[in-house]
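This briefing covers helix packing, a pocket and a strand residue in one protein model. Please consult the sequence and the 3D structure shown here alongside the text.

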Amino acid sequence: MIHGEIHQNVRQYINGRWETSATTGVSANPSDTSEVVAEYARADRRQVESAIRAAADAFSHWSHSTPQRRADVLDRIGTELLARKDELGLLLAREVGKTLPEAVAEAARAGQVFKFFAGEALRGGGENMASLRAGVQVDVTREPVGVAGLITPWNSPLAVPATKIAPALAHGNCVVFKPAELAPACGWTLAEIISRAALPAGVFNLVMGSGREAGQALVDSPLVDALSFTGSARNGERILQAAAARRAKVQLEMGGKNALVVLADADIDHAVDCAVQGAYFSNGQRCTASSRLIVEAAVHDAFVSRLRDRLKALKIGHALERGVDVGPLVDEERLARSLAWVGIAREEGAEHVWGGEPLQRATAGHYMSPALFLATPGHRIAREEIFGPLACVLRAADYDEALALCNDTPSGLSAGICTNSLKHAMHFRRHAEVGMTMVNLPTAGVDFHAPFGGRKGSGYGPREQGRHAAEFYTTVKTGYMLA
Ligand code: NAD
């Protein structure tokens with residue numbers, strides 16, 4: 001496999017200028033660890049604080065910019081992302097190991113998100129109310145919040161940042177964006193495109209570095225008015241405590257233990273498709289991955305046998321190779337963690353059905369065969385987020401037990417059901433304790449213009465995406481006037 005270009009000039013973008021840092025890091029290609037993808041600057045606390053000050057200084061001007069100005073900027077960014085989707089998809093596939101078609105689709109989605117919010121910048125409006133008092137007028141308007149600190153994970157390194165940066169700018173906020181350490185080149189490329197979109201200096205800033213130093217500096221700064229974080233529940237919890245202590249607005253998108261319920265009346269082949277896509281595509285490294293497959297007893301054995309056949313046929317390999325279904329895990333640590341989960345499943349007595357082995361390929365990468373176990377509700381693999389290619393099947397006597405199992409988790413992001421029963425589908429949509437329900441669809445895979453987010457331990461604060469993003473990126477003002 002031919003190595004791609006090394007991104008060497010991956011620097012911070014602070015107050016309209018590119019800056020080096022005292023320390024640097026590298027990102028490597030998980031499909032072929034001999035390939036360096038980027039050498040990047042790692043920001044320290046002082047650099048993050050200077051980015052925050054720049055954003056705070058730019059706010060008074062940008063928050064009063066016209067909707068047309070903001071729409072033009074966002075439209076321009078979206079146009080470039082869409083025009084370069086193949087090249088950006090290639091970079092994304094090299095940096096985090098998503099297959100090329102998935103990676104190109106993600107780059108396009110990032111472009112579409114900017115286009116959508118270009119429209120949102122123009123569509124903003126308020127509410128007019130009749131007052132209880134004669135001669136008084138009441139109106140409700142939305143204003144930008146201030147400086148938004150945006151902290152993102154590595155698994156969707158273009159789409160998740162776009163989902164935060166675009167609405168923040170559309171609604172008149174200034175941004176300090178901290179991408180994940182494992183995907184600096186994706187974060188930097190997005191920032192480079194934004195840097196050429198005619199924004200005033202300081203409105204958008206990029207700081208790459210560790211969560212512990214660069215991320216924490218954003219969380220701690222009294223100048224950051226709103227924190228939007230996507231990542232693990234453990235880090236989200238810490239950020240929530242810190243944000244609450246200084247009354248910053250906070251939005252958390254965290255992990256899931258999403259269930260796909262398969263009822264006896266479902267089209268079993270379609271249900272197996274939903275399970276394969278939801279549980280194993282992108283190696284299960286998706287917050288919406290269905291790592292619990294809850295199957296009605298009458299079709300349990302048939303479902304497990306067809307799913308095993310599908311897993312045997314999945315092609316695991318280099319993310320850029322044509323015809324590959326699933327690429328490598330993102331790094332050595334995540335591969336080791338997923339393999340450790342296989343060991344935990346075996347030790348706890350879950351019945352092994354298929355996979356869970358490290359795989360050798362022509363290039364040295366973090367490959368693993370998709371793992372399937374039969375579990376009971378008490379097993380750890382049925383309770384904890386794995387974020388790897390391991391799913392378990394839980395047997396349910398009937399729909400009622402399946403729904404109870406689905407809700408028996410501290411998480412509440414996405415839940416799916418495969419059924420031909422309208423009654424059960426409708427009941428499930430109402431009673432699944434999650435932010436998003438899927439009927440005859442995989443638990444992963446959502447539209448960019450509809451609200452996204454979870455309940456219980458999976459999320460906190462207003463939803464992301466679409467018109468609902470305004471809840472987080474604006475604050476409401478009520479005006480009274482005696483006419
Ligand atoms: P992570 O929590 O390790 O890191 C996420 C981001 O937070 C990174 O940029 C990291 O540098 C930063 N960070 C870490 N510690 C920090 C701190 N103390 N202060 C501030 N920032 C800090 O998560 P990850 O491993 O990158 O991503 C995987 C997790 O993300 C999974 O749990 C997955 O479910 C979740 N996820 C959720 C969604 C969603 O929308 N619900 C989407 C994608 C991923």
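The axes of helix α3 (residues 85–96) and α4 approach within 7 Å and cross at roughly 125°, where axes are lines fitted to C-alpha atoms, for helices over the stretch in contact, and angles run from 0 to 180 degrees between N-to-C directions. The model is predicted: local features need pLDDT of at least 70, side-chain atom pairs count only at pLDDT 80 or more, and totals for chains, interfaces and linings use all residues. Residues are numbered from 1 along each chain as its sequence is written, and side-chain values use heavy atoms, with hydrogens and water left out. Helices (H or I, at least four residues) and strands (E, at least two) are DSSP runs, numbered from the N terminus.

**Packing of α3 and α4**

- α3 and α4 are therefore oblique to each other; angles under 35 degrees count as roughly parallel, over 145 as roughly antiparallel, 65 to 115 as roughly perpendicular and the rest as oblique.
- α3 passes α4 in a right-handed crossing (left-handed if the near helix is turned anticlockwise from the far one by less than a right angle, right-handed if clockwise).
- On the α3 side, K85, D86, L88, G89, L90, L92 and A93 meet L100, A103, V104, E106, A107 and A108 of α4, contact meaning heavy atoms within 4.5 Å.
- Nine nonpolar, one polar and three charged residues make up the contact of α3 with α4; Ala, Val, Leu, Ile, Met, Phe, Trp, Tyr, Cys and Pro count as nonpolar, Asp, Glu, Lys and Arg as charged, and the others, Gly among them, as polar.

**Packing of α2 and α6**

- The axes of α2 and helix α6 (residues 184–195) come within 9 Å, with a crossing angle of roughly 135°.
- That angle makes α2 oblique to α6.
- The crossing of α2 past α6 is right-handed.
- I77, E80 and L81 of α2 meet L190, I193 and I194 of α6.
- By class, the contact of α2 with α6 holds five nonpolar residues, no polar ones and one charged.

**Packing of α12 and α13**

- Helix α12 (residues 399–407) and helix α13 (residues 422–431) have axes that come within 11 Å and cross at roughly 25°.
- α12 and α13 form a right-handed crossing.
- Y399, L403, C406 and N407 of α12 make the contact with H424, H427, F428 and H431 of α13.
- The contact of α12 with α13 comprises four nonpolar, four polar and no charged residues.

**Second largest pocket**

- The second largest pocket holds about 520 Å³ of space.
- On a 1 Å grid over the protein atoms alone, a pocket is an open set of points where a 1.4 Å probe fits, with protein on both sides within 12 Å along at least five of seven lines; lining residues have an atom within 4 Å of a point.
- Grid points are joined across faces, edges and corners, and a volume is the space filled by probe spheres set on the points.
- Its lining has 23 residues, of which G124, G125, R142, H171 and T474 lie nearest the centre of the second largest pocket.
- α2 (67–83), α4 (100–123) and β7 (136–144) each supply at least two residues of this lining.
- The lining of the second largest pocket has seven nonpolar, 10 polar and six charged residues.

**Strand residue E351**

- E351 lies in strand β15 (residues 351–354).
- E351 touches L372, F373 and L374, residues up to four places away in sequence not being counted.
- E351 and L372 are 21 residues apart in sequence and 8.7 Å apart in space, C-alpha to C-alpha.
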